[in-house]
Amino acid sequence: MQKNAIIFGDSYSTFEKFIPEGNAIYYYDGGNKTTDVTKVEETWWHQVAKEINLNILLNDSWSGSTICYTGYDGVDCSKTSSFIYRLRKHIADGFFEKNKIDKIFVYGAINDNAVNAPLGEIKYDDFKEEDLYNVLPAIAYFVKTLKEVSPKADIYCLVNTEIKPEIVEGFEKICKTFGATAIVFEKIDKSNGHPTVQGMKDIKNKVLEYLK
């Protein structure tokens with residue numbers, strides 16, 4: 001029986017025409033100048049969905065987006081591209097009440113790391129809005145909120161290579177606390193910091209190890 005999945009991501013999970021209108025795109029049909037990925041079938045998520053018969057209900061990925069509210073050049077993303085803002089929008093729209101979701105993939109913190117957003121301290125409850133400008137409390141808030149709105153779904157947090165060890169360890173602790181799974185990558189083939197065709201396969205293979 002086909003299961004339903006959703007994705008919250010950044011550039012690594014975007015593809016033209018497969019994400020909400022208005023979200024910034026990195027991967028395009030026919031390719032871009034920086035990687036050899038030219039079609040949606042080459043993306044990690046499309047390959048995962050095909051191999052284990054998943055129906056992707058929603059892929060809310062936004063190139064350059066952070067989980068927390070701190071964006072590039074210190075821009076405030078609390079009402080635009082941040083993972084938290086996008087999740088709250090779907091909650092307000094009743095998405096989680098209207099849909100049965102079996103699996104949730106979260107592939108982020110790549111930009112939180114790149115923009116050098118403040119790490120902060122992990123919190124597990126009593127979140128204040130100002131906490132969410134910091135990476136670790138923002139990740140904890142995001143995973144906890146997902147668990148609350150979709151308690152029966154399996155949540156997988158994909159943790160990129162080349163990010164600060166504090167963020168990797170944070171993901172592992174947060175996932176353990178809230179009953180999610182951290183998938184930590186050791187190797188992803190990249191060009192210009194983004195997965196190539198081989199890199200997308202690297203991601204797909206690692207994700208399938210956990211799903212199978």
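D202 counts as buried, at 9% relative accessibility; buried means under 20% relative accessible area, exposed over 50% and partly exposed in between, with a 1.4 Å probe and protein chains only. The residue lies in helix α7 (residues 197–211). Neighbours within four places in sequence aside, D202 is in contact with F185, K187, I188 and D189, contact being heavy atoms within 4.5 Å. Helices (H or I, at least four residues) and strands (E, at least two) are DSSP runs, numbered from the N terminus.

This is a predicted model, in which local features need pLDDT of at least 70 and side-chain atom pairs count only at pLDDT 80 or more, while totals for chains, interfaces and linings use all residues. Residues are numbered from 1 along each chain as its sequence is written, and side-chain values use heavy atoms, with hydrogens and water left out.

**Sheet**

An open sheet is formed by 5 strands in the order β2-β1-β3-β4-β5, with parallel pairing. Its edge strands, each pairing on one side only, are β2 (54–61) and β5 (181–184). On average, neighbouring strands are turned by 20° against each other, direction ignored. Axes here are lines fitted to C-alpha atoms, for helices over the stretch in contact, and angles run from 0 to 180 degrees between N-to-C directions. Two strands pair if DSSP finds at least two bridges between them; strand β4 (residues 154–159) and β5 run parallel and are joined by 4 bridges. L158 has I183 of β5 as its bridge partner.

Helix α5 (residues 135–149) packs on the sheet, where it touches β1, β3 and β4, and its direction makes about 160° with that of β4. Helix α1 (residues 44–52) lies across β1 (3–9), β2, β3 (103–107) and β4, and runs at about 165° to β2.

**Helix α2 and its packing**

Which residues of helix α2 (residues 83–92) are buried? They are F83, I84, R86, L87 and H90. Seen down the axis of α2, these buried residues fall within an arc of 165°, so they line one face of the helix; the arc is that of the directions from the helix axis to the C-beta atoms. Their cover includes β1, β2, α3 (95–98), β3 and α5.

The helices α2 and α5 pack at an angle of about 20°, with their axes 10 Å apart. They are therefore roughly parallel to each other, given that angles under 35 degrees count as roughly parallel, over 145 as roughly antiparallel, 65 to 115 as roughly perpendicular and the rest as oblique. On the α2 side the contact is made by F83, I84, L87, R88 and I91, and on the α5 side by A138, Y141, F142, T145, L146 and V149.

**Positive phi**

Most residues other than glycine have a negative phi. K17 and N116 are not glycines, yet each has a positive phi. Both are exposed.

| Residue | Phi | Location | Relative accessible area |
|---|---|---|---|
| K17 | about 75° | loop between β1 and α1 | 73% |
| N116 | about 60° | loop between α4 (110–114) and α5 | 55% |
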